[in-house]
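Subject: Structure handover

Hello,

Here is the structure I said I would pass on.

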Amino acid sequence: MLLQVKNLKTYLKSGGETVKAVDGVSFHIDRGETFCLVGESGSGKSITALSVIQLLPQGISSHPEGQILFDYRHDDGQVENVDMVSLAESHKQMIRGSRIAMIFQEPMTSLNPVFTVGDQVIEALQQHYPEMSDADARARTIEAFKQVKIPNAEQRIDEYPHRLSGGQRQRVMIAMAMACEPDLLIADEPTTALDVTVQAEILRLMKDLQQRCGTSILFITHDFGVVSQMADRLAVMSQGKMVECGTLKEVIKVPKHEYTRQLLAALPENLPRSKKQQLASDSDQKSLLDVSGLKVHFPIKKGVLRRTVDYVRAVDEIDLKIPEGQILALVGESGCGKSTFGRALLRLINSTGGEVNFDGQVLTGLSRKQMRPFRRQMQIIFQDPMSSLNPRLTIASTLTEPMKVHGIGSSNEERLEIARKTMMHVQLDPEYIWRYPHEFSGGQRQRIGIARALVLEPRFIVCDEITSALDVSVQADILKLLLDIRKERNLTLLFITHNIGVVEYVSDEMAVMYKGKIVERGLTSDVCKQPQHEYTQQLLAAVPRLDI
Amino acid sequence: MTDSGLPKKSSGYTSQILRDTFSRWGAKLGLFWIGVLVFCAVFAPLLANSHPLILSQNGQWQSPMMQFMTPNDVIIFSLFLITAILLRISWSLRHKIVTGLGLLFVVTTLSIIFVTPPELTIYEQYRDNQSAEKYDWVIRAPIPYSPKDYLRDEGDTGLEAPLSSPERTHWLGTEANGADVLSRMIHASRIALGIGFIATGIAMFIGIIIGGLMGYFSRWVDMIGMRLVEVFEAVPTLFLLLIFVAFFDRSLYIMMVIIGVTGWSGYARYIRAEFLRLRQQEFVQAAIACDLPLKSILFRHMLPNGIAPILVAASFGVASAILAEATLSFLGLGLVDDPSWGQMLNQAVQASTFNWWMAAFPGGAIFLTVFAYNLIGESLRDAIDPHLNKS
């Protein structure tokens, strides 16, 4: 046993209150195995990891109970069993980095932008091996870069972080963590900020390294797909407590605890499917929205005179028809232009060329006034429930102000009544309309975002990654709600997402977007089963799936 | 599961920021000093006045203090009352501001029309009458000297050090014309507060409108706006003030306007940056998607979310406006007869000797006031800084 955590409790003080972030957690990790901690946001999984490596700020955290026993391998090979909680700070520092290393979620911010990536790894190396010469350290760093499969390691070592992509930065982080050959690697959601194809590569790399070096990994994630690829054993956490712990097969196939069962049932691929109306692909259905050759180009300006030298082709000649009453999912990785496309449809961003045709009327080129009746019919729901509601306005004013502008309801009382009804529609207490956004949880805010779109009684809604900031259980509720509402009101939706599981659950048709162009489009079931385009095949293959 | 929990009720952002700000000792200290100043400014006629507050002559009660009240005194006093009352009532902020401004306008008009102090003011008459024992009894202000009471009855007095004269008590001495320094300082606090708030108010108003338009529209509006900001940043306020003072009357109001009109560029820059950020926020995008009118998007949705950094800048702006006025008065170009801290400082070095009390007390008051505003600004900045908040 490399690491043994016994009844660990971590309490955090914040503003006079004590939060029991970790409340009696016990587990162990053997040498060379991967142990996954799974849970929704706020379940205490990251705090557990930070407790193990003892990185929590000492002023606000305390361990009233518990032991973290770690097999500390001294440089001379002698192994000593130490308790990380009660160890002296100087010893903790020796263990941190050299015996226990950590990689974080956000590769964009975890590297220092003013040093080259090589310098940062070399510094870590020399910190733990003070006798190592500069040349040796450099050679070893290049070796480490090669191990994490960074192409042209000899040149890339002198690059600054901003020149590397997100995936490559995460590779550098892994190289840095692995450079000192730690016994335990803690990975805190290392792939959450990455695209699926990159995620697949990073996961493969980590497994590879583990097999070669025999490192144990404590892997923290919220994604069961990733868990099923990585874990030997896993534990499910909820509200600071460990509700279930066992081998991958045990937990996934026969979950014992109610919470685990709920969590697994909430995964989009496990949600009960409602029978989809069988629709013919495009031609014979009347389309509500008809986009032809839509282009959004952003100029790149250079030089003293700010002359336009080139364009970023965010959306590059897209043709798309969405039949009335259908849900079309637009899938693509970050930066492929899918959000820009959604906003260009509503004319939140002006298009460079092409036409948007809504219900027989060309929208591009309409003046603000002419656009008004269409604004009411086309709405948008955003990704981030934190920033999509004005923090200074009550829900009542957020909901009634658009109604007033569009002449819905004759008096304020009538509009408030409509707002209450809409709140009930999205399954919230109608009396919550007098509250401010910060009093709600993420899922509740997303419901309010849906309510705001619904009060104008639109026919078409763009859903821009509306569930990607939410936990799976909340995501499941929101998706169900959306499907219900769509059925009731015969809404047409453009569902922008990167999550294939959600696409399969929610959409009738899907379109795959890659570098500003649509590369494949068809019925969701067809595309998912038999992808035609090479990129779609890659994308689908990279999605971590829960195989049962 | 996690979605169904009852939303937790907690206080609004504004009150949280205010609580955060004023829980810091610096802000508390600053607020205390500003409070003292406000008290002095509002109750100046009651604190330092040559006219007795109440007296009884032949069994008849009268209040010379009330008789000699100027419209200014009345306006300041009622402004204080209106603010105090409105702060107690739980109305919406907009309601409060509209009512407050409306009431203030009514009071101003009324007091200008109806409050008419006697044109000829003879300060010594009450002192003479009192020593001649013509009154049954007299209640005098704690400092029984008006700021412009040059003690003509005492002969040629002039500069006197604190408590140096055996028959009269001047706690902080007298100035060159023989007026009581403490009395003048108390009355001068009105100018210090007024110039700070009004000049900064004008600057903020202009800055928010121009900066807001620049940030929201960007492109060519931003281009023109930024050039305008640069032009105004190149104008040296002090020299402009000197020119205006030379050409026009030495009016407090002109000073306020000039300090305000030249000082907006900083606020415009702040607001522009905030609006550029907010423009991309999803709730603003949603407001545009709902086709809300521009006025609502700018002032209901964006401004309240971007105002915090402006308030920090404003508290420093108030301090620098006070300093500008003091500088001008120190150079002898301030108000002619009305008391002002800077003008008193000027007298410290004008005579052949160094009159320490003329330097120490007004100088100390200027220092403390500027320091107080800086402390509040500092705390406000810390309170809205998300990086500091996390720890």
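This is a predicted model: local features need pLDDT of at least 70, side-chain atom pairs count only at pLDDT 80 or more; totals for chains, interfaces and linings use all residues.

Chain A

The secondary structure of chain A consists of 19 helices and 21 strands. Its radius of gyration is 26 Å, close to the 24 Å from the globule rule for 548 residues, so chain A is as compact as a globular protein of that length. Taken along the principal axes, the box filled by the C-alpha atoms of chain A is roughly 80 × 55 × 45 Å. Of the 548 residues in chain A, 45% are buried. If you take the contacts in chain A between residues at least 6 apart in sequence, 68% of them join residues at least 24 apart.

Domains of chain A

Where the domains touch, ten residues of domain 1 of chain A are in contact with eight residues of domain 2 of chain A. On the domain 1 side, the elements giving two or more residues are helix H7 (196-213) and helix H10 (258-265) of chain A. H7(A) gives the most to that side, with four residues. By class, the domain 1 side has three nonpolar, five polar and two charged residues.

A helix pair in chain A

Helix H3 (residues 117-128) and helix H4 (residues 134-147) of chain A have axes that come within 9 Å and cross at roughly 115°. The crossing of H3(A) and H4(A) is right-handed. From H3(A), the residues in the contact are A:Gly118, A:Val121, A:Ile122, A:Leu125 and A:Gln126, and they meet A:Ala137, A:Arg138, A:Arg140, A:Thr141 and A:Ala144 in H4(A). Taken together, the residues of this contact are five nonpolar, three polar and two charged.

Chain B and the interface

Chain B has 18 helices and three strands. Its C-alpha trace spans about 85 × 50 × 45 Å along the principal axes. Of its 391 residues, 38% count as buried. For contacts in chain B between residues at least 6 apart in sequence, 71% join residues at least 24 apart.

The contact between the chains takes 33 residues from chain A and 25 residues from chain B. On the chain A side, the elements that give two or more residues are helix H12 (368-377), strand E17 (378-381), helix H13 (395-405), helix H15 (442-454) and helix H16 (472-489). That side of chain A is made up of 13 nonpolar, nine polar and eleven charged residues.

A single residue

Is A:Glu258 buried or exposed? A:Glu258 has 10 C-beta neighbours inside 10 Å, and a residue with 12 or fewer is classed as exposed, so A:Glu258 counts as exposed. A:Glu258 is found in helix H10 of chain A, and H10 is among the elements that give two or more residues to the side of domain 1 that touches domain 2. From C-alpha to C-alpha, A:Glu258 lies 9.6 Å from A:Glu244, and the two are 14 residues apart in sequence.

Regards

Terms used:
Residues are numbered from 1 along each chain as its sequence is written. Chains are lettered from A and ligands numbered from 1 in the order in which they are written. Two residues are in contact if their C-beta atoms, placed from the backbone, lie within 7 Å. Ala, Val, Leu, Ile, Met, Phe, Trp, Tyr, Cys and Pro count as nonpolar, Asp, Glu, Lys and Arg as charged, and the others, Gly among them, as polar. Axes are lines fitted to C-alpha atoms, for helices over the stretch in contact, and angles run from 0 to 180 degrees between N-to-C directions. A crossing is left-handed if the near helix is turned anticlockwise from the far one by less than a right angle, and right-handed if clockwise. The radius of gyration is taken over C-alpha atoms; the globule rule is 2.2 Å times the number of residues to the power 0.38. A residue is buried if 20 or more other C-beta atoms lie within 10 Å of its own, exposed if 12 or fewer, and partly exposed in between; C-beta atoms are placed from the backbone.
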